[in-house]
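Dear colleague,

Please find it below, followed by an account of what was found in it.

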Amino acid sequence: MWLPIANMKRFIDKSKETDQSAYLPLKNFINAFFSDNQDEIYSTMGVFEFINKISMALRVNNLYSTTYYIERDQSNYYSLFFLSPNNLGFEKILEVKWKLDEINGRGFSQIKPATLFDDEFKLEDKTKKLDYLKSELKSFLGISKSNLEIRQFMLLSEFLPKHFVPILKDWLKLETIGCTGPSGNIVSKIFTDDFNYKNFKNKTHLYSVKYLK
């Protein structure tokens, strides 16, 4: 689904106040997806917040949803929303996003000029993204979670196994997390394939992970 985000956001408040035909498509869209939470949607909200609100609202009836934005010129955003009922299909969509945007997996800007400091900015953005991922994992693993639950949580957070498995491996070596098999045995190694779709589909519970310190 392709949406003109900037134009939609600009006229949100107006569409709520009028029944003019020009605003009906936007009014109907807001009513359909935000009928109980319209106060959360307003013209002055941030563009990425608006994009995220739409993406989350599309996650109904067991659908997975994610988005990829394009900034054509200053403050002129469009966004492509991807929907899939399948866990593997969702993972493949995320792989494409991260391939197109290796730092954030979010979108593309046509107006960002090249500078001598691009590499430094990319490194800073990547560090921030890694810190955010670690924070999310730490909070989620405060209660013991299976490899299946970790995969689902990370995909819904729009990260891939290649992002979170290295963190889990490091934490396991540092004894920051505990990893226990179904029979109570201690698991000493974590592999990327532990979080693949096959295990998720077959509900193969290999172990549970808990953040310890």
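**Findings**

Helix α3 passes helix α4 in a left-handed crossing (left-handed if the near helix is turned anticlockwise from the far one by less than a right angle, right-handed if clockwise). Helices here are DSSP runs of H or I with at least four residues, strands are runs of E with at least two, and both are numbered from the N terminus. The model is a predicted one, in which local features need pLDDT of at least 70 and side-chain atom pairs count only at pLDDT 80 or more, while totals for chains, interfaces and linings use all residues. Residues are numbered from 1 along each chain as its sequence is written, and side-chain values use heavy atoms, with hydrogens and water left out.

The axes of α3 (residues 24-34) and α4 (residues 47-57) come within 10 Å and cross at roughly 60°; axes are lines fitted to C-alpha atoms, for helices over the stretch in contact, and angles run from 0 to 180 degrees between N-to-C directions. The two helices are therefore oblique to each other (under 35 degrees is roughly parallel, over 145 roughly antiparallel, 65 to 115 roughly perpendicular, and the rest oblique). At this crossing, F29, F33 and F34 of α3 meet K53, I54 and A57 of α4, a contact being heavy atoms within 4.5 Å.

An open sheet of 4 strands has the order β1-β3-β2-β4, with mixed pairing; two strands pair if DSSP finds at least two bridges between them. Because β1 (2-3) and β4 (107-109) stand at the edges with a single partner strand each, one side of each is left without a neighbour in the sheet. β1 pairs with β3 (residues 76-84) in the antiparallel sense over 2 bridges, and W2 has L80 as its bridge partner in β3. Helix α5 (residues 87-100) lies across β2 (64-73) and β3, at about 25° to β2.

N62 is placed in the loop between α4 and β2 and is exposed, with a relative accessible area of 71%. E158 lies in the loop between α7 (147-156) and α8 (161-173) and counts as buried at 19% relative accessibility. Buried means under 20% relative accessible area, exposed over 50%, and partly exposed in between (1.4 Å probe, protein chains only).

Overall, the protein chain has 9 helices and 7 strands, and buried residues make up 39% of its 213 residues.

Yours sincerely
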